[in-house]
Amino acid sequence: MDYYSKEINQLIEEFTRLPGIGAKTAQRLAFHVIHMPKEEVEQFANTMISARRNVRYCKSCFTLTDQEYCPICRSDNRDKHTIMVVESTRDLAAYEKTGKYNGLYHVLHGAISPMLGIGPADIRIRELLVRLQQEDIKEVIIATNSSLEGEATAMYISRLIKPSGIKVSRIASGVPVGGDLEYIDEVTLSRALDGRVEL
Ligand code: ZN
């Protein structure tokens with residue numbers, strides 16, 4: 001790529017680092033940015049900087065938010081006795097889109113994976129157990145992905161919680177194996193939620 005000047009090359013390189021962006025797309029995006037009005041580019045860059053600076057974990061459910069507590073945890077209209085455990089903030093968004101769930105969430109930020117060296121201490125399991133001690137929770141719905149890692153995580157969490165007497169359930173299958181929750185349509189997700197089984 002020596003035929004471009006240094007700054008263009010740098011911009012292309014930055015885009016290449018993003019997930020799912022190959023060399024060709026990176027070039028297209030870089031030239032698109034160069035042809036955008038300067039103010040628009042500045043606004044875009046500032047939005048990224050500001051989001052990165054201000055977005056943090058909710059102190060209760062650990063989803064990503066720009067305040068101390070996320071809107072779901074702050075809401076008075078949610079059922080505060082049910083927690084749905086998900087792997088990521090994107091999974092939470094997928095369930096919110098169904099409009100069928102009105103409880104609270106707990107975002108693990110990953111799943112247990114011996115292959116990748118991710119153990120229980122590397123995701124937010126301990127924080128979940130603390131919540132179960134401090135809050136009046138009647139049911140924990142485990143909605144981790146149906147991948148090997150998601151299933152292992154579900155088993156692990158259910159074994160930890162069951163002795164406490166709190167009801168633990170797992171969303172029904174019908175969610176394709178290895179499928180990321182966020183790519184599953186809303187009908188399938190609501191069905192998986194309705195058909196959950198007690199562990
Ligand atoms: Zn929250």
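Donors, in what follows, are N, O and S atoms within 2.8 Å of the metal (3.2 Å for Na, K and Ca); water is not among the atoms, so sites may look incomplete. With that settled, the donor residues of the zinc ion follow the spacing C-x2-C-x8-C-x2-C in sequence.

A word on the source. This is a predicted model, where local features need pLDDT of at least 70 and side-chain atom pairs count only at pLDDT 80 or more, while totals for chains, interfaces and linings use all residues. Residues are numbered from 1 along each chain as its sequence is written, and side-chain values use heavy atoms, with hydrogens and water left out.

Back to the zinc ion. C58, C61, C70 and C73 coordinate it, each through SG, at 2.3 Å. The arrangement is tetrahedral because the four donor atoms subtend angles of 104 to 119°; the cut-off is that all angles lie between 85 and 135 degrees. C58 and C61 are both buried, meaning under 20% relative accessible area with a 1.4 Å probe, protein chains only.

Next, the domains, whose bounds come from an automatic or database domain assignment. The protein chain is divided into domain 1 (6-54) and domain 2 (64-198). Their centres, taken over C-alpha atoms, are 34 Å apart.

Last, the nonpolar cores: sets of buried Ala, Val, Leu, Ile, Met, Phe, Trp, Tyr and Cys residues joined through side-chain atoms within 4.5 Å. Which members of the largest core touch the most others? M84 and Y95, out of 36 residues. A second, separate core has seven residues, among them I12, F15, I21 and A26.

Methods:
Buried means under 20% relative accessible area, exposed over 50%, partly exposed in between (1.4 Å probe, protein chains only). Four donors count as tetrahedral if all angles lie between 85 and 135 degrees; four count as square planar and six as octahedral if opposite donors are over 155 degrees apart and all others between 65 and 115; anything else is irregular.
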